[in-house]
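Thanks, everyone. I'll bring the sequence and the model up on the screen, and then we'll walk through a few spots.

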Amino acid sequence: MTDLVALQGSSDRLVRTVDGLSDDDLAAPSLLPGWSRGHVVAHLALNGEGLAGALEGVVNGEPVPMYASQEARERDIAELATASADQLRARLMAAVTRFADAAGRITGEHEDDTFPRVPGGPDVRAGAAADHRRVEVEVHHTDLGAGYGPGDWPAEFCVHLLDAFTGRRPHWQPPFVADPADASGTWDLGATDARSPVVSGPIRGLVAWVTGRGDGAQLSSTTGTLPTIGKW
């Protein structure tokens, strides 16, 4: 389970960025196609609320999904995205606080309990919810395009992302071995074999590229060509 202190640090950095955004800033485009910065903040607020509600349900013995449906999730994001800067800030801060409280109640007794993302959808392990939340916070903080980028990601967070990706996200072709120059170890991304390329470079640049948040300019591959990164 993610260190809740580290998660709080990620949340605090996000809140500071959002605190500095005006109504006009939030209405401007984010780095995500079709989404304003307001959409990104709305998503992060609703994600925190949804995860918190699901964890509260686990503790109370009444599991509930994060979202009523995928359509409801998208509709709620679109609606909240048009709120004022003050309203979005308040909603985000409340979600951060509520999630921290809910995650703090997940002990060994509940870590392996699960809840659905949407009814009938994939299940999420309660003990992994804080990990999921930190990825959402750090990655989408960069998507605001408001001065916080992959170069600001903590190195240990980058290692966590590579651990999470290992063997579980087939969004790159061909599979490859990630060998960051400034971190210990290597990571197999996809079903690698002896012929798979080895991609090297600074860990922040490598993880930014893997998540579609970087162009890979700092990286090199043993085949001379970087693998293709699909939608993340």
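One definition before we start: buried means under 20% relative accessible area. Keep in mind that this is a predicted model.

Start with His43. Where does His43 sit? It is in helix 3. At a relative accessible area of 3%, His43 falls under the 20% cut-off, so it counts as buried. What does His43 touch? Leaving out residues up to four places away in sequence, its contacts are Trp35, Tyr67, Arg73, Ile77, Glu136 and His140. With Glu136 there is a side-chain polar contact of 2.8 Å. For scale along the chain, take Gly57, 14 residues from His43: their C-alpha atoms are 21 Å apart.

Arg73 and Ile77 take us to helix 4, residues 70-80, where both are buried, along with Ala72 and Leu80. In general, an α-helix has 3.6 residues a turn, so residues three or four places apart point the same way. The buried residues of helix 4 pack against helix 3 and helix 5. On the other side, Glu71, Arg75 and Glu79 are exposed.

Now helix 5, residues 85-103. How do the axes of helix 1 and helix 5 cross? At roughly 175°, coming within 10 Å. That makes the two helices roughly antiparallel. Residues at this contact include Leu7, Leu14 and Val18 from helix 1, and Leu92, Val96 and Phe99 from helix 5. The contact residues divide into 11 nonpolar, 2 polar and 2 charged.

That's my tour.

Conventions:
Residues numbered from 1 in each chain as written. Predicted model: local features only at pLDDT ≥ 70, side-chain atom pairs only at ≥ 80, totals over all residues. Heavy atoms only, no water. Buried < 20%, exposed > 50% of the residue type's maximum accessible area, 1.4 Å probe, protein only. Helix = DSSP H or I, 4+ residues; strand = E, 2+ residues; numbered from the N terminus. Contact = heavy atoms within 4.5 Å. Axes fitted to C-alpha atoms, helices over the stretch in contact; angles between N-to-C directions. Parallel < 35°, antiparallel > 145°, perpendicular 65-115°, else oblique. Nonpolar A, V, L, I, M, F, W, Y, C, P; charged D, E, K, R; others polar. Polar contact = N/O pair within 3.5 Å; in protein donor to acceptor, adjacent residues only side chain to side chain.
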